[in-house]
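Dear colleague,

Please find below the structure that I am handing over to you.

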Amino acid sequence: MSTSAILGATPQSAHARVPAVSPLARRPPAPPRLDHLRALEAESIHIMREVVAEFERPVMLYSIGKDSSVLLRLAQKAFHPGSIPFPLLHVDTTYKFREMVEFRDRYTAQIGARLIVHTNQEAITDGTQPFLVGTQRCCGLLKTKSLLDALEAGGFDAAFGGARRDEERSRAKERIFSLRDAKGQWDPKNQRPELWNLLNGRVRPGESIRVFPLSNWTEIDVWQYINVEQIPIVPLYFAKEREVVVRGSALIMLEQPFVPLLPGEHPQMIRCRMRSLGCSPCTGAVRSEADTVPKIIEELIATKHSERQLRVIDHDQDGSMELKKREGYF
Amino acid sequence: MSGLLRICTAGSVDDGKSTLIGRLLYDSRAVYEDQLHSVKVASRNRTAGPIDFSLFTDGLKAEREQGITIDVAYRYFATARRKFILADTPGHEQYTRNMATGASTADVAVLLVDARHGVRVQSKRHARIARLLGITDFVVAVNKMDLVDFDRGVFETISDDFAELLPDAQLHPIPISALHGDNVIASSDRTPWFTEPSLLEYLETVEVDHNLAAKPFRFPVQLVLRPTHDFRGYAGQILSGTIAPGDTVTAWPSGRTTRVTRIVTWDGDLEIAHSPMSVTLVVEDDIDISRGDVLALGDPHVSRGFEAEIVWMDERPLDPARVYLLKQTTRTVTAEIDRRFLLNQIASAHVTTSRPLIFDRYGDNRATGSFILIDPATNFTAGAGMIVNAAGEQVATATQPSAAERLARLARTAATDADAVAAVRRALEELLK
């Protein structure tokens, strides 16, 4: 996306804005200090603007989850009164929860964002699914390869992602501007130093960067921001009675016909919610009573388990997130 | 007291930094049970005691295999009193650049030292880098006190050594055992002679002066937003100071003044804004302002030459015959440096830029006094700099060779003909900009 495209963008329609006066606008002139959420917001906006200033064709990876919702709101803020000057890219494995896809189509249309949906159709036609080829290969084909193909097809030189450093230990090491070679791969041992707020956006032809504006946010920060900003999120995050099977510590929703029932398993109604959204066969729900954002925050403060615990794909081998990232996964 | 504290840790390899951080995270319950479980499983493959806390922070496979920290890792934890962002930085000398990275945004440095070994070369080096990067508050965490029987004399010798090393800093020595938790979260009864607060108590209560909002207004323009014909706004982050509609600001480097008419945000127009907010400013006059220009109140330095402390972070030495890219705030220019630097070398140098920079002394303003150097051949972030003093324009002019001299020198000093052609082409492109 070039600067000229921003200049030509139309301003947002008034009804797309949240009408309520935000805490930012209400803030009294003194004392001149930001609370930590507003400081994080300002940092993320700065990062997004640097990308748009220094790259030709940015794109935002849109995974439909809570972090993506926050990224979208930050992008709206960063370029106001213009519209978001880059498209959103959803890498659709076709195994996402139905409610995620419904939310995606409704919300992106509502805010007037440009959405690209990409699926590795060849792999789907070949019958790729986690129980047939294993989770590593399934992720490799439907997420990593699909993502790299979509980035190449779009000629994107910068891709925003919602990953946070507090999520997983290899992500804790990643830069805000994270260089990828021509094959989309990450070299964690040779990262560029990143000092102050000075981001090095120089890439060679073919190379690209992944950009993580939420690097310094924690899971609680994301939820508190969603609460303060009243950001719409997928209803799967809220507790309600859902039909699931109990599998180990996870509750699995049987949305895909190929998910097998193991011996002794039977579908049952359990009040639960998703803490992290992924593909329905590989993402477990947790028992929960939290049906509002404030209740989710309360629950998080009390919990003893990390949000990615029920993401099967993080645990399929030692250092599995790092390996996926090196290959080009987010 | 600020609600957010940024910390960096430093020290020699094996002094136990990662263990200390693992302990802080574990004891402040920032580590979840499943993460603890995966660490317990991994610990069985190694020889570091019951729970190897460093496995929380050593996120890369190579680090876990070699048992060392290679890259800076960021960790987040909170207590009832404060939120913390902690940069865990490597001890090995070859990763000094990551130490500088961690220190660049930190308010407080925690220097770890092994009680058995005292102050070592690497400790001195890290203390110096942290001080150079503007940190004034230091915790000297004398670790592994259990291995010297909590000997007060050992602790005091090390404290004195650091006091000599950092005469102009605020030092807070604390005797700890990261492995066993002494004086990390709570005071230890094994050091009855030590009556100061524990490490966490200190971090929760230390007052750091980063009130940038009280400093002169500095607003580097990131983007010019022109969504419609009747709107033209300058998007950027306020690096320091406060601004309100009606304020007269100067646009640098043009030096033209104008008045701010609106502070535009998605949440509505603001009556006042301050650092570190990201906003969009609309001004009264139709003057030429673009990315890299700075809107300011008061007088920043505007110059093409200055003295800077430079940390070199690239294996390829800094070659004074070459031209580097210099990024400072939102402005990227080409620059020449008047001396050679080797990897990990820290020294002062004179920098001459192709176009003027708008800056403050680093000691006055970290955000406008800092820059990075990028090697245009590799695009690697090869150096980091802190501006010490503006050289007068006269000095800058005097040391600036003519364009022809520069091109001739570039061609002469290139290793191969192809390099010479590339270097001259780059320099010409820059001249024609």
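I begin with a pair of strands in chain B: β7(B) is joined by 3 bridges to strand β15 (residues 294-296) of chain B, and the two run antiparallel. Strands here, like helices, are DSSP runs numbered from the N terminus (helices are H or I with at least four residues, strands are E with at least two), and two strands pair if DSSP finds at least two bridges between them. Within this pair, Phe219(B) has Leu295(B) in β15(B) as its bridge partner.

Before going further, please note that this is a predicted model, in which local features need pLDDT of at least 70 and side-chain atom pairs count only at pLDDT 80 or more, while totals for chains, interfaces and linings use all residues. Residues are numbered from 1 along each chain as its sequence is written, and chains are lettered from A and ligands numbered from 1 in the order in which they are written.

Strands of a sheet pair through backbone hydrogen bonds, either parallel or antiparallel. Strand β4 (residues 108-114) of chain B is mostly covered, with 7 of its 7 residues buried. A residue counts as buried if 20 or more other C-beta atoms lie within 10 Å of its own, as exposed if 12 or fewer do, and as partly exposed in between, with C-beta atoms placed from the backbone. In a regular strand the side chains alternate between the two faces of the sheet. In β4(B), Val108(B), Val110(B), Leu112(B) and Asp114(B) point one way, Ala109(B), Leu111(B) and Val113(B) point the other way, and all are buried.

Strand β1 (residues 4-11) of chain B runs parallel to β4(B), joined to it by 5 bridges; Ile7(B) has Val108(B) in β4(B) as its bridge partner. Strand β5 (residues 137-143) of chain B also runs parallel to β4(B), with 7 bridges between them, and Val113(B) is partnered there by Val142(B) in β5(B). Together, β4(B), α6(B) and β5(B) make a right-handed β-α-β unit (right-handed if, with the strands pointing away from the viewer, the path from the first strand over the helix to the second runs clockwise).

Strand β3 (residues 83-88) of chain B is likewise mostly covered, with 5 of its 6 residues buried. β1(B) and β3(B) run parallel and are joined by 6 bridges, and Arg6(B) stands opposite Ile85(B) in β3(B). Strand β2 (residues 73-78) of chain B pairs with β3(B) in the antiparallel sense over 6 bridges, with Ala78(B) opposite Lys83(B) in β3(B). A hairpin of 4 residues joins β2(B) to β3(B).

Domains of chain B

The domain assignment of chain B gives domain 1 (4-205), domain 2 (212-296) and domain 3 (301-400); domain bounds come from an automatic or database domain assignment. The contact between domain 1 and domain 3 of chain B takes 7 residues from domain 1 and 9 residues from domain 3, where two residues are in contact if their C-beta atoms, placed from the backbone, lie within 7 Å. On the domain 1 side, α5 (96-104) and α6 (121-132) of chain B are the elements that give two or more residues, and α5(B) gives the most, with 3 residues.

Chain A

Chain A has 11 helices and 10 strands, and buried residues make up 54% of its 330 residues. Chain A is divided into domain 1 (27-221) and domain 2 (235-314), whose C-alpha centres lie 24 Å apart. Between them, 19 residues of domain 1 of chain A are in contact with 20 residues of domain 2 of chain A.

With kind regards
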